[in-house]
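Hello,

Here is the model I promised to pass on.

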Amino acid sequence: MSTLTKVLIVLLTFASIVLCAIVVTYVASADNYKQKYDSLYSGYQAAKKNEDNAKTQLNNTIEEKDRNTEKLGEQIASLGEEINKLKGDLANAERDRDDANRKVNNWAAIVMDFSKTIENNEKLVKGALAERDLKEAELIKQGKELEDTTAALMENMAIVKQLQEGSKRLLEEKTELQDKLDQYLRQYGKAIAEPMPITTIQEAVSLAPPTKDIDLNGSITEVDLKNLLAEISIGMADGVKEGMRFHLTRGDKFICDIVILDVWPEKAVGWIELLQDQPQNQPKINDKVSTNL
Amino acid sequence: MSPVVQSRGKKITAADNLYTVILAVAFFAVFATTVFVAYQCYTQYGTIFKIQ
């Protein structure tokens, strides 16, 4: 065997061993791509599944969102209607409130008017009561005057009746005398002329109102010598008037005069005049007063 | 081939069987590498030559 062949054998062997070592090292240290692929593929599948799940969840979420949106829209619409209704109710309530305020103001004004009217009516009632008292006093006085007038009328009617009977008797006597005179004149062919009355005969005679003698009697009910004032027990109902003069007597003794200053229905107050200096001649309660001595 | 004892003055050379052994070693190395590569391919990809 030649040297060259030997050298080549040695080199070939060496190269083979080196190459084999390199290949073994490379293969031993090479990555397992299939395993990587499988892991990546499984990761991909998991990711895809996750994507599908995410899409499904997204779709579900979108559908739920749409449903919620639709539901919220319906709620918003119903709430809007309710808001409009409440606005209408609010407007009605405000109108009612305004009406109530106006009514309150009107009633307040009416109440004030009524209060004023009541005050005026109270004043009118007081005036009417005072006037009624005066009228009652006047009525009592007129009643007394009517009684006096009725009595006088009855007396006058009796007198008139007596006069009428006398007149009738005189007319009958006159007729008899006239008949006798006619008989005498006919015997001599003469007739008497019918007498003509000079004045017309009044059938209805109007009676003059009877005069009344003012004779008022009363007594002293209170005396104020310091102010020279005295109160008597008769008043407007008995015919007492302002300015009347009453004579105050005790028994047969004259004490003083009282000139009436103010008159009430049942009493009167007057000014004491002609007061004497003696203490026993001073006016006292229950002394008699009268208009005529 | 047996080693030849040469006479004095001649170069001492290895017998031819030695080179045969070296070649066998080289062949065995290549064969072992091939088997190893095939094993690795089969265990990792499930086949030796086919590409999936």
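How many helices and strands make up the secondary structure of chain B? Chain B has 1 helix and 0 strands, where helices (H or I, at least four residues) and strands (E, at least two) are DSSP runs numbered from the N terminus.

Some housekeeping first. This is a predicted model, in which local features need pLDDT of at least 70 and side-chain atom pairs count only at pLDDT 80 or more, while totals for chains, interfaces and linings use all residues. Residues are numbered from 1 along each chain as its sequence is written, and chains are lettered from A and ligands numbered from 1 in the order in which they are written.

On confidence, the predictor gives the complex an ipTM of 0.76 and a pTM of 0.34. Chain B has an average pLDDT (the predictor's confidence in each residue, from 0 to 100) of 79, and 75% of its residues score at least 70. Please treat residues 1–7 of chain B with care: their pLDDT is below 50.

Chain A contains 2 helices and 6 strands, in the order α-α-β-β-β-β-β-β from the N terminus. Of its 293 residues, 8% are buried, that is, with 20 or more other C-beta atoms within 10 Å of their own, the C-beta atoms being placed from the backbone. For the 52 residues of chain B the buried share is 2%.

Now to where the chains meet. In all, 14 residues of chain A are in contact with 14 residues of chain B, a contact being two residues whose C-beta atoms, placed from the backbone, lie within 7 Å. H1(A) supplies the largest share of chain A's side, 11 residues.

Helix H1 of chain A (residues 3–29) packs against helix H1 of chain B (residues 16–45) at an angle of about 20°, with the axes 9 Å apart; axes are lines fitted to C-alpha atoms over the stretch in contact, and angles run from 0 to 180 degrees between N-to-C directions. H1(A) is therefore roughly parallel to H1(B), a label for angles under 35 degrees. Among the residues making this contact are Ile9(A), Ile17(A) and Val24(A) on H1(A), and Leu23(B), Ala26(B) and Phe36(B) on H1(B). The residues of this helix contact comprise 17 nonpolar, 4 polar and 1 charged; Ala, Val, Leu, Ile, Met, Phe, Trp, Tyr, Cys and Pro count as nonpolar, Asp, Glu, Lys and Arg as charged, and the others, Gly among them, as polar.

Best wishes

Notes. Angles under 35 degrees count as roughly parallel, over 145 as roughly antiparallel, 65 to 115 as roughly perpendicular and the rest as oblique. A residue is buried if 20 or more other C-beta atoms lie within 10 Å of its own, exposed if 12 or fewer, and partly exposed in between; C-beta atoms are placed from the backbone.
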